[in-house]
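Please have the sequence and the structure in view while reading.

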Amino acid sequence: MIKSRFKIGFIFWFIFMLFMTYVLIGMLIKLIDRYDINGLTPTLSIGLFFTFLIFTILMIFKDFKYIRIDTKRRTMTWYSLIIPWGRTVDLTKFIGKIRSREIGTAGGYSTGYLVDDTSTARIKINGLFYKNFDELFSAVGLREIKNYDFNIWKYLKLIYTGRLKIKTNNKN
């Protein structure tokens with residue numbers, strides 16, 4: 001059994017994000033309570049901005065999960081704020097995995113995606129949060145798909161939706 005180990009800095013960052021989400025939701029509720037039909041445009045603009053921030057934070061919370069990989073039963077289970085009861089997937093139903101390398105303010109890190117039998121990337125393992133990302137990624141036990149068709153639009157689609165149809169380039 002392989003278990004994810006979080007980087008210490010991201011645990012504090014996660015707690016800070018939880019606090020900020022609470023503050024943003026409180027501000028949005030106050031904004032709705034003070035809703036005035038005469039000030040519709042500013043109220044709507046500020047409300048949409050706060051809603052956008054809340055959904056952005058929720059997208060980050062979706063990737064921050066505790067992962068357990070059972071190498072004997074070939075299953076992966078993860079727990080998050082979005083799914084606190086956990087979700088288990090059978091790794092034998094996936095045909096491969098892809099890895100993308102990203103560089104941001106926290107430095108460079110890898111992100112892994114599991115590809116199902118319809119050649120669609122479905123499950124994301126964000127290497128930004130884990131000390132043992134390489135161990136988790138290799139414990140999945142699937143072959144790594146290389147030479148797939150990829151560009152900036154597909155990259156953005158993969159980041160924001162978590163889904164991408166993988167088409168391999170045949171290089172003989």
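The model is predicted, so local features need pLDDT of at least 70 and side-chain atom pairs count only at pLDDT 80 or more, while totals for chains, interfaces and linings use all residues. Residues are numbered from 1 along each chain as its sequence is written, and side-chain values use heavy atoms, with hydrogens and water left out.

**The chain as a whole**

The chain has four helices and eight strands; helices (H or I, at least four residues) and strands (E, at least two) are DSSP runs, numbered from the N terminus. Read from the N terminus, the order of elements is β-α-α-β-β-β-β-β-β-α-α-β. Of its 172 residues, 41% are buried, where buried means under 20% relative accessible area, exposed over 50% and partly exposed in between, with a 1.4 Å probe and protein chains only. The accessible surface is about 10800 Å², and carbon and sulfur atoms hold 62% of this surface. Such areas come from the Shrake-Rupley method with a 1.4 Å probe; for residues, only the protein chains shown count as cover. Among contacts with a separation of 6 or more, 51% are between residues 24 or more positions apart; a contact means heavy atoms within 4.5 Å.

**The four-stranded sheet**

Four strands form an open sheet in the order β1-β2-β3-β4, with antiparallel pairing. Two strands pair if DSSP finds at least two bridges between them. At the edges are β1 (2-3) and β4 (87-90), each pairing on one side only. Two bridges link β1 and β2 in the antiparallel sense, and K3 has R68 in β2 as its bridge partner. Between β2 (residues 66-70) and β3 (residues 75-79) there are five bridges, again antiparallel; here I69 stands opposite M76 in β3.

N132 lies in the loop between β7 (120-126) and α3 (133-139). Why does N132 count as buried? The reason is its relative accessible area of 3%. Beyond its neighbours within four places in sequence, N132 is in contact with K3, S4 and R5. A polar atom of the N132 side chain is 2.9 Å from the backbone oxygen of K3.

**Aromatic rings**

The structure holds four aromatic pairs. Rings of Phe, Tyr and Trp (its six-membered ring) pair if their centres lie within 6.5 Å; planes under 30 degrees apart count as stacked, over 60 as edge-to-face and the rest as tilted. F133 and F137 form a stacked pair, with 5.5 Å centre to centre and 20 degrees between the planes. Because F133 and F137 are four residues apart in helix α3, about one helical turn separates them. F133 is buried at 6% relative accessibility, and F137 is buried at 1%. F6, F129 and Y130 form one aromatic cluster.

| Charged residue | Ring | Distance from ring centre |
|---|---|---|
| K65 | W78 | 5.0 Å |
| K97 | F137 | 4.4 Å |

Key
A polar contact is a pair of N or O atoms within 3.5 Å; within protein, one must be able to donate a hydrogen and the other to accept it, and residues adjacent in sequence count only if both atoms are side-chain atoms. A charge sits over a ring if NZ of Lys or CZ of Arg is within 6 Å of the ring centre and within 35 degrees of the ring normal.
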